[in-house]
Structures are given as structure tokens and as C-alpha cells.
Protein chains: 2
Amino acid sequence: MRAEDRRELVITAAMGVFGERGYVGSTTDAIARAAGVSQPYVVRMFGTKEALFLAVLDRALQRLLSDFSAVIESNPTASAEVLHAGIGAAYGNLLADRGLLLSLMHGFVLGSVPAIGAAARLGFLEVYRLLRRRAGFSAEQARDFLAHGMLVNTLVGIRMGLEMDDPDARELVECVAPIKADLIRRLAHD
Amino acid sequence: MRAEDRRELVITAAMGVFGERGYVGSTTDAIARAAGVSQPYVVRMFGTKEALFLAVLDRALQRLLSDFSAVIESNPTASAEVLHAGIGAAYGNLLADRGLLLSLMHGFVLGSVPAIGAAARLGFLEVYRLLRRRAGFSAEQARDFLAHGMLVNTLVGIRMGLEMDDPDARELVECVAPIKADLIRRLAHD
DNA sequence: GGTTGAGGTAATCGGATGATTACTAGGGAG
DNA sequence: CTCCCTAGTAATCATCCGATTACCTCAACC
């Protein structure tokens, strides 16, 4: 297989593993097995585990930005309110990609690692700028959108879907993501 | 020193280290040094690193719940709207405790570790119930409050305060936490 | 048919880390 | 004094993991 294709495979596999176990908790060996290659090859392709994680973060952010951009570009004359709904739906669709939002979340919580913190900050700001500039959100709209997104990520991270028997958990999940509640439940059950 | 006092010391130190480095990324040795005791003693006091992390999570959640309760009890006749402001302020004050919210956040993202995920889910639900039942929030109010909290945590986690020279970052931070913007900036600079 | 370079792997190393074991200081009770 | 319990530590172990090294395979090309 061409090295570039293999690289894509490894990034995808790594996104799943990092999303599940976090940056420090993931081993290059687990990623290699998930991608069907040997552990030394993973390390040699990216140099270090940190560089691999940064590649995963970048991939996740690019995907998020391009999905949001697509919504904006396919509704060129839409108001911020209409775009809010469309971009929100695009965000919900990203949930299907198990590791994507969780890998991002793991990056967001690791500001103490210099390279990871820097990448996370710049990525987060890029999303904010897209909402403010290109989608025309007000600062408050952008804030509320991001806040809602972080809550969704958190609920997925703690696997709140496992508690759907509890009426409070069900109410919370359904209030946060009425359309995606069922997906959240399934994601939590692996 | 009495063992119980030493235990408090270790939990406090561990909250700082876990908040900074995460669960897996923190070593019992670093925690021991931060607490001024030997590494084996930390392990023996709590049995395992996981048990120590669970103790830290519990401490953080109890603190959060008791601070929120205090607001409710000191305004027995207040409306949900008034309590919203008071509890929000209480949340902001928790930021001063460096590791507290970040340790919680690290717990929230580690649902894949069974014991940690279970503790995080139950803790999160307890907070939700307090908002809904005792503070009288509507489901939407509780959702928005929690979402806002998760965004604050995220901004602290990625040390967005380091980017306060960037006008977009400044706008975001000041829009999210107008009163605490300066604290967030200082926290980011260690 | 040899050479070469790209795409890999097996074996291994060195350091980090959670946990265990064995030990000790010290102070209060009898 | 001596016993013994509480509060600790030093030394060490076993394991894991990221990284390195040395090697292999096989198609393309001359």
C-alpha cells in the first residue's frame, strides 16, 4: 500500500483510540493494532506519539471547519439564526465519527503540554472566527453555540447514554440533543 | 501529623497535579512531592492511583455541590433567575481553586475507565438534580448553565488566557466570563 | 539478473512508573 | 523500661511503553 494511504488509515485509527483513552492513555501499540500495522511503523511515520496526536487534532479540526463551511456556502443568503440550526446539525452529524469530537476534547483539556495546548487554542479560535465572521453569529450566539457543543462532548465523554434508565439523565440528554439522543445512547454502549 | 490531616493534604495536592496533567499523565511520585511525602505512602494511603483520583473527584464534586447549596439556602425565596446568577458566581469562584474544575474535566473525559466514568456520571447527574430540583431551574436553564460551565472549563483547560493579545480570544473570554476574564488570564500563565 | 528504493517488521533497549516489601522513628500506656 | 501502634521512608520489583536498530520483501528499472 502507498505510504500516504497507510498514513490516512493510521490517523483514522488513532482518532478512535485517542478518543477512547486520551493522549497519555493511548499506546502507539494499540493504535498500530487498530490500524493493522506494526508499532515501530506508526512511530516512524510520525516521529513521535505527540506528532501523531497533533496530526489527529488537525484532522479533526479541518473536518469540523470544512463541514461548517459547507453549510455556510450552501446557504449563502441565510441569516445567522438559520445557519445556527444548520451548523448545529452538522455538529451533531460529527458525533457519528466516534473518536473525532472526543479526541478534540482530550486535546482541549491538555493545555499543559505546550504543543498540544497551542494547537488546541488556535483550532478553537479558528472555529470561533468562522462562527463570528463567516456565519455572522453575534459574540453571544457564538458563545452559546460553543458552550452547547462542549456540553454535548462532555455527555459523550462520560457516556451519559449508559444512564438512560434514569429519568433525569434521559431528560438531560434529550434536552441537550433531542434528535441525537438515541445516537448518544448507542455511542455510550460501545 | 495525624493521618487524616495528611490525607487532606495529599488530596489537595493531587487535585492540582491531576488538573494539570490528567489522570494517566500524573504520577503518584509527582503528587507525593507536591504533598511533601514519599511516593509509597501516597499509594498506601489510597490503595491505588485510581482510588486516589476517585477521592479527588469526590472531593471536587462535594465542594461544588456544597457551594451551590449554600447559595440556594441563603436565598430561600429567590426565583430561579436570581439563583442562576448566584450559582453562576459560585461557579466562577471555584475557578480560584486551580485544580478543582480541571480535575473534574479530566474525569468527565475518561468515561472509558469504568470506575471513573461511573463516578463522573453520577456526580454530573447530582449537579443536574440540584439545579432542577433544589434551585428550580427549568430543563433548558439547567442545560444552558451546564453548557456554559463546560465552556468555561474548556477555556481554562486550553489556557485560552495565553492568547489575550488576540482580539478574538479576548472577545470570547470576556463574553464567556466578563467578571472572571482576568482570573482566567492569570490561571493560564501558571 | 542484479540493484535499488519504498514499504514494511521483529527484536530489543532504556527509562518511567505503580506497587510491594521491609524497615524505622517516636511517643504514649502499663 | 518495654511494648506496640501510628506514621512514615528507602530500596526494589515488575511491567509497560516509546523509540531505535537492524533486517526483510518485493516490485520497478536498467
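## Symmetry of the two chains

A rotation of 180° superposes chain A on chain B, with 0.0 Å of shift along its axis and an RMSD of 0.0 Å. That is the relation of a two-fold axis. The same surface serves both copies: 100% of the contact residues of chain A recur in chain B. The model is predicted.

Which residue of chain A comes closest to the rotation axis? A:Ala147 does, with its C-alpha at 2.4 Å.

## The interface between A and B

In chain A, 41 residues are in contact with 41 residues of chain B. Several helices of chain A each supply at least two residues of the side that touches chain B: H1, H6 (99–108), H7 (114–134), H8 (139–157) and H9 (167–176). H8(A) gives the most, with 10 residues.

By residue class, this side of chain A divides into 21 nonpolar, 9 polar and 11 charged residues.

## The surface near DNA strand C

DNA strand C is surrounded by 17 residues. The closest come from chains A and B: A:Ser38, A:Pro40, B:Thr27, B:Pro40 and B:Thr48.

Which helix gives the most? H3(B) does, with 4 residues.

The residues of the surface near DNA strand C divide into 7 nonpolar, 5 polar and 5 charged.

## H1 of chain A

H1 supplies at least two residues of the side of chain A that touches chain B.

Methods:
Residues numbered from 1 in each chain as written. Chains lettered and ligands numbered in written order. Predicted model: local features only at pLDDT ≥ 70, side-chain atom pairs only at ≥ 80, totals over all residues. Near = placed C-beta within 6 Å. Nonpolar A, V, L, I, M, F, W, Y, C, P; charged D, E, K, R; others polar. Least-squares fit on C-alpha atoms with pLDDT ≥ 70 in both. Contact = placed C-beta atoms within 7 Å.
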